[in-house]
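Good morning, and thank you for joining this presentation. I shall ask you to look at the structure on the screen while I take you through selected parts of it.

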Amino acid sequence: MNIAVTGLNATDNPGPGVPVIRSIKESKEFNGKIIGLVYDSLEPGIYMENLATKCYQIPYPSSGLTHFYDRLELIHEKEKIDLIIPTLDSELYAFIKLEDQLNRLGIKTFLPTIEQLNIRGKDKLFNFCKDNGIKVPRNVLVNSVQELQKLPDDFDFPLVVKGIFYDAQIVNNIEEAVSAFQKLSYKWGFPIIIQEHVAGDEFNVVALGNGKGSLTGAVAMRKLYITEKGKGWAGVTINEKKLFEISRLVIEKTKWQSGMELEFIKSKNDNEYYLLEINPRFPAWVYLATAAGQNLPYALIKLAQGEKVEPFENFTAGTIFVRSSWDLITNIKTFEKISTLGEL
Amino acid sequence: MNKYRIPENLAISDSGFLFLASTGETFSVNEIGKEILKGIQLHKTDEEIINDLLNDYDIDKQSLQKDFDDFILQLQKNNLALL
């Protein structure tokens, strides 16, 4: 079986491609090739030994879907891809839109629908949670500085200003809020989400939905070390029933088909878990789930193949990941190949 | 007379390292702390635990009671002992 995976950008803001591949290769059942699909010739996963059998550079989906599809088709002609696992938020719409065309080529995917993808969007999550009895920080959507200055009276600082796709900033007064609004709207567009700030510890869950409303597996993690960019650089698996109950409910209500990451904060005020975000793909720490006993990326492959997958029932709490920085060495000839030929 | 219990998600190692699996928090206790936790695990009452410690250590009951109460308070604050 030949599996193509994106997101080999194992940088300080890591994509999930490398841990997804690591998980797949660790499965004793896996027998096949891994094809890395990269957007940049400096994605570290390209240069990791024994990771991808072959890597191909692909254009950004924003360059046009036809162009994007043509490149995938060309790679498929050479590599006979059975399944593509996109791992980056920004490319998901493109892959979902191309799902039928890819299927016709014989390439499977295991993705949510556009509608499911939108439900968990930063601008829709509040209503979804409210409708389903899940605690979520209150938010308002704003499209202008004027709207920002008319926030409800009971919205007290500090607040969180969030971009529609990425980035968030905690602000302590209206001046900081305006500055964050301008910065984030310039970068990511509108609307901007103004969210109540909940103080507390961060918890994350990686989950896999089978597309029929059932949770195939889920592992919870507490971040032990957080970088300045807010990325978890170390974490430990934990066994907290409440987190799994909420995750199961989200998968059930959305009938989610794919991996997802749920980000929670446990409020210092009321000790309750608030759902901050749902990321529509596996997180960069997904290998921790594999190491703890739930190989969710490989389970996704089986689901995509139409196999029946029994839900995972447990995992080892207390499994720790510590991310590291390691310089990979290559030579100019290798770099030349991926840069000029677009494959390596 | 009180009888405490240890949360089911608490792992206690021989070195006195505690891991609360529901939150991911870790703690360290010393030799006496470990003995107190062991007593709680064995479903002993606070009086029984204190009497065990009085037999093992050269300390007056009043001082021990005060230290014991402080320690239990710390455990409770961190959800490591429940009444």
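**Backbone and surface features**

A:K255 counts as partly exposed, because its relative accessibility is 44%. This residue is found in the loop between α9 (241–254) and β12 of chain A. Please bear in mind that what you see is a predicted model.

B:H43 is found in the loop between α1 and α2 of chain B, just after α1(B). Is B:H43 buried or exposed? It counts as exposed, because its relative accessibility is 55% and the cut-off for that class is over 50%.

Helix α1 of chain B covers residues 31–41, and its buried residues are B:G33, B:K34, B:I36, B:L37, B:G39 and B:I40. Which elements do these buried residues pack against? They pack against β1 (10–12), β2 (17–20), α2 (46–56) and α3 (61–77), each of them in chain B. At the start of α1(B), B:N30 places a side-chain oxygen within 3.2 Å of the backbone nitrogen of B:I32.

I return now to chain A and its strands. Strand β9, residues 200–210, is mostly covered, with eight of its eleven residues buried. With strand β12, residues 257–267, β9(A) pairs in the antiparallel sense over eleven bridges. In that pairing, A:S267 of β12(A) is the bridge partner of A:G200. β9(A) also pairs with β10(A), again in the antiparallel sense, over seven bridges. Here A:G209 stands opposite A:L215. The two strands β9(A) and β10(A) form a hairpin with four residues between them, and A:G211 in the turn has a positive phi of about 85°.

A:I320 lies in strand β14 and counts as exposed, because its relative accessible area is 51%, against a cut-off of over 50%.

Next, the prolines of chain A. A cis peptide bond joins A:F157 and A:P158, with omega about 0°, and A:P158 sits in the loop between α7 (145–148) and β6 (159–162). Another cis peptide bond joins A:F190 and A:P191, with omega about -5°. A:P191 sits in the loop between α8 (174–188) and β8 (192–196). In general, most peptide bonds are trans.

The proline A:P19 is in helix α1 of chain A, residues 17–26. Why does A:P19 count as buried? Its relative accessibility is 11%, and buried means under 20%. Leaving aside residues up to four places away in sequence, A:P19 touches A:A284, A:V286 and A:Y287. By contrast, 33 Å separates the C-alpha atoms of A:P19 and A:L159, which are 140 residues apart along the chain.

That concludes my presentation; thank you for your attention.

How values were computed: Residues numbered from 1 in each chain as written. Chains lettered and ligands numbered in written order. Predicted model: local features only at pLDDT ≥ 70, side-chain atom pairs only at ≥ 80, totals over all residues. Heavy atoms only, no water. Buried < 20%, exposed > 50% of the residue type's maximum accessible area, 1.4 Å probe, protein only. Contact = heavy atoms within 4.5 Å. Polar contact = N/O pair within 3.5 Å; in protein donor to acceptor, adjacent residues only side chain to side chain. Pairing = 2+ DSSP bridges.
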